[in-house]
Amino acid sequence: GKKVVAFVAGADTAKASQEAISYGADAVAAVEDGALAAYDSVLYTKAIAALAEKYEPSVILIGGSPDGRDLGGRLSAQLGVGLVADCTDVRFEGDDDTLTWIRPAYTGKLFVKSQTTTRPQLATISDKIFHGTPADPSRTGEIVKESVDFTGIAPSVTVTGFEPVEKEAEELTITTADIVVGAGRGVQTEDGMKAVQAFAQRIGAAFGVSKPLVDKEWAPYEWQIGITGKKIAPKIYIALGISGAIQHKLGIQDAGLIIAVNKDPDAPIFKFAHYGIVGDLFEVMPELEKQIKKIRG
């Protein structure tokens, strides 16, 4: 029941403002200035802080990107308000406008509930956590152009030149692929993990692992799937030998279809997988490969 206003800053805000409305914003407050052509910590903090002071929002949500984390921390200091970083959930649990933020702690072993008493309530939100709302280009909303005086504020970054480069072919990764195969402790050995990796390559899928395999140093951290690694949202996720601890569940909850294979019929992953197969993953993989290739023709 609250009004959603997008805060937009940049040298040309028209496209971003319209996109914000198409994704659900009721209105947009936009600071348009040539000094904001590229993200700059000092200038962007000044712009968004000015909007916050004028509009007095109850809540400011910022995407948990590198720039978003930077902006969130600086806004917290500038406005003198608390900040809850890298939230994985947020909800109203009372009668007023106070939000309850949920975020991982101790590398995802615990989840902490936090509330802030200051206003605006400020948080950065991890990506791949919430289901996205499809864009609706027909939506309309008010776009208010705001101006901010940057006199006397020196930018922290100066762009001395710009040269466009040809876009590289997008690499198949666990965050971009439509199909992702995940290997867990059930692979038993490093050679077992490599066999699952080869299976992923044969079916045209990206390959990732659960935290225990990274801890064993069989795989790099960049391959780790879960709230303490990469949060993913492929069309199909195939979990092989993964028990399904809460850290892993939160990292894959936006996957369109989850297929789990595990020897243990009581493995937690079977509680949220769309399809579960109780069996030896090395015996199941050939049949899965056959079925996937048959579907793909």
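The largest nonpolar core of this predicted model has 25 residues. Val-181, Met-193, Val-196, Ile-238 and Leu-240 have the most contacts inside this core. A nonpolar core here is a set of buried Ala, Val, Leu, Ile, Met, Phe, Trp, Tyr and Cys residues joined through side-chain atoms within 4.5 Å. Buried means under 20% relative accessible area, exposed means over 50%, and partly exposed lies in between (1.4 Å probe, protein chains only).

This is a predicted model, in which local features need pLDDT of at least 70, side-chain atom pairs count only at pLDDT 80 or more, and totals for chains, interfaces and linings use all residues. Residues are numbered from 1 along each chain as its sequence is written, and side-chain values use heavy atoms, with hydrogens and water left out.

- Helices (H or I, at least four residues) and strands (E, at least two) are DSSP runs, numbered from the N terminus.
- Val-196 touches Val-181, Ala-183, Val-187, Phe-207, Leu-240, Leu-281, Phe-282 and Met-285, not counting residues up to four places away in sequence.
- Contact means heavy atoms within 4.5 Å.
- A second, separate core has 19 residues, including Val-31, Ala-47, Ala-49 and Val-148.
- In soluble globular proteins, nonpolar side chains tend to be buried together.

**The whole protein**

- The protein has 7 helices and 14 strands.
- Its C-alpha atoms fill a box of roughly 65 × 50 × 40 Å, taken along the principal axes.
- Of the 297 residues, 42% are buried.
- Among contacts with a separation of 6 or more, 58% join residues 24 or more positions apart.

**Helix pairs**

- The axes of α4 and α7 come within 10 Å and cross at roughly 5 degrees.
- That angle makes α4 roughly parallel to α7.
- Axes are lines fitted to C-alpha atoms, for helices over the stretch in contact, and angles run from 0 to 180 degrees between N-to-C directions.
- Angles under 35 degrees count as roughly parallel, over 145 as roughly antiparallel, 65 to 115 as roughly perpendicular and the rest as oblique.
- On the α4 side, Gly-192, Ala-195, Val-196, Phe-199 and Arg-202 meet Leu-281, Phe-282, Met-285, Leu-288, Glu-289 and Lys-293 of α7.
- Helix α2 (residues 41-55) packs against helix α3 (residues 66-79) at about 55 degrees, with the axes 9 Å apart.
- The two helices α2 and α3 are therefore oblique to each other.
- Residues of α2 in this packing include Tyr-44, Ile-48 and Ala-52, and those of α3 include Leu-71, Arg-74 and Leu-75.

**Helix α1 and Ser-22**

- Ser-17, Ala-20, Ile-21 and Ser-22 are buried in α1.
- The cover over the buried residues of α1 includes β1 (5-10), β2 (27-32) and β9 (142-146).
- Ser-22 lies in α1, which spans residues 14-22.
- Ser-22 counts as buried, at 9% relative accessibility.
- A polar atom of the Ser-22 side chain lies 2.7 Å from the backbone oxygen of Glu-19.
- Leaving aside neighbours within four places in sequence, Ser-22 is in contact with Pro-134, Ala-135, Asp-136, Pro-137 and Arg-139.
- Gly-24 follows α1 and has a positive phi, near 125 degrees.

**Loops and backbone geometry**

- Most residues other than glycine have a negative phi, and most peptide bonds are trans.
- Glu-56 has a positive phi near 50 degrees and is not a glycine.
- Glu-56 sits in the loop between α2 and β3 (59-63), and is exposed at 66% relative accessibility.
- Gln-188 also has a positive phi, of about 70 degrees, although it is not a glycine.
- Gln-188 sits in the loop between β10 and α4, and is exposed at 55% relative accessibility.
- The peptide bond from Arg-119 to Pro-120 is cis, with omega near 0 degrees.
- Pro-120 is in the loop between β7 and β8 (121-125).
- Lys-109 lies in the loop between β6 (99-105) and β7 (110-114), and is exposed, with a relative accessible area of 55%.
- Lys-109 and Ile-227 are 118 residues apart along the chain, and their C-alpha atoms are separated by 9.9 Å.

Key. A polar contact is a pair of N or O atoms within 3.5 Å; within protein, one must be able to donate a hydrogen and the other to accept it, and residues adjacent in sequence count only if both atoms are side-chain atoms.
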